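Please read the following note with the model open beside it. The points are numbered so that each can be checked in turn.

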Amino acid sequence: MLAHGPRTEPVVAVTFDACPTTRSPGFAPEIVDLLEREKVPTTFFVSGRWAETHPEAFARIRGVAFFEIALHGHRHRHLVPGAPEAMLAEIEQGRDALRGLGAEVVPIFRPPYGDSPPELAEVARRAGVTALTWDVAPGDPDPRVAPATIQRGVTSGAQAGSVVVLHVNGRGISTPKALPGVLAGLRARGLRLARASEVLAPCTTSAGASDDRAAPSGSPAAPVATPPAGGTDPARGPSSRSAPP
Ligand SMILES: [Zn+2]
């Protein structure tokens, strides 16, 4: 499991999760409008269920050439230790759903809730994906988190190779207001904005070049994986322990 890319290049991936949600509207088009206007290459981690229930929003995201679509499971279920087949099904069903809607998908999987059970490395290898969480989570699903707090959390927390998690599914209440300052703050620090596949490229290229595809995750080329910042679940916010959206 990776949480960020190598700390050697001044690039940051500001990424957006589309977890399934019953919130209406379950999409924040202002985010996509801004990213497109400012030509920000970025990655959307889309759950199969969200794409199926928000086909027009999904088409809007897919229509921008410098965005990429990555995996966020299907039903957004917890990855339960001891149940590798269920983990594999969550990845593959999500991928099938996105492809069924005509999307090209990059082989990067963000586990729902940042779950990291012991079997995930093997399951990801079987599915042909790289598992990626984040190292900067400003907690945007919490409606009490103000735009300035999100902005400060990202611009002060990000470093070379960072992966930031925000939400595009309407659960990031303050995210559209925070985003202009987030982008400007990162640029002011000399950090270039890039898609997750680019930030991870030195790691995934190395793994892909391996003959047996079974190199230990602790191989020298892999960055140190760390648990999600604060150990909180950005999909639910730091204070909520209720059922998933
Ligand atoms: Zn999620």
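**Note on helix packing and a buried helix face**

1. Helix α6 and helix α7 cross in a right-handed manner; a crossing is right-handed if the near helix is turned clockwise from the far one by less than a right angle, and left-handed if anticlockwise. The contact involves Pro-147, Ile-150, Gln-151, Val-154 and Thr-155 of α6, together with Thr-175, Lys-177, Ala-178, Gly-181, Val-182, Gly-185 and Leu-186 of α7. Two residues are in contact if their C-beta atoms, placed from the backbone, lie within 7 Å. By class, this contact of α6 with α7 has 6 nonpolar, 5 polar and 1 charged residues. Here Ala, Val, Leu, Ile, Met, Phe, Trp, Tyr, Cys and Pro count as nonpolar, Asp, Glu, Lys and Arg as charged, and the others, Gly among them, as polar.

2. The model is a predicted one, in which local features need pLDDT of at least 70 and side-chain atom pairs count only at pLDDT 80 or more, while totals for chains, interfaces and linings use all residues. Residues are numbered from 1 along each chain as its sequence is written.

3. The chain contains 8 helices and 7 strands; these are DSSP runs numbered from the N terminus, with at least four residues (H or I) for a helix and at least two (E) for a strand. Of its 245 residues, 49% count as buried. A residue is buried if 20 or more other C-beta atoms lie within 10 Å of its own, exposed if 12 or fewer, and partly exposed in between, with C-beta atoms placed from the backbone.

4. How is the packing of two helices described? The angle between their axes and the distance between the axes are given. For α6 (residues 147-157) and α7, the axes come within 8 Å and cross at roughly 30°. α6 is therefore roughly parallel to α7. Axes are lines fitted to C-alpha atoms, for helices over the stretch in contact, and angles run from 0 to 180 degrees between N-to-C directions. Angles under 35 degrees count as roughly parallel, over 145 as roughly antiparallel, 65 to 115 as roughly perpendicular and the rest as oblique.

5. Helix α7 (residues 175-188) also packs with α1, at an angle of about 20° and with the axes 9 Å apart. This makes α1 roughly parallel to α7. Glu-30, Ile-31 and Leu-34 of α1 meet Thr-175, Pro-176, Leu-179 and Pro-180 of α7. These residues divide into 5 nonpolar, 1 polar and 1 charged.

6. Helices α4 (residues 84-100) and α5 (residues 120-127) pack at about 45°, their axes 10 Å apart. The angle makes α4 oblique to α5. The crossing of α4 and α5 is right-handed.

7. Which residues of helix α3 (residues 55-62) are buried? They are Ala-57, Phe-58 and Ile-61. The buried residues of α3 pack against α1 (29-37), β2 (42-46), α2 (48-53) and β3 (67-71).

8. Ile-61 counts as buried because it has 25 C-beta neighbours inside 10 Å. Leaving aside residues up to four places away in sequence, Ile-61 touches Val-32, Phe-44 and Phe-67. Ile-61 and Phe-44 are 17 residues apart in sequence, and their C-alpha atoms are 8.1 Å apart in space.
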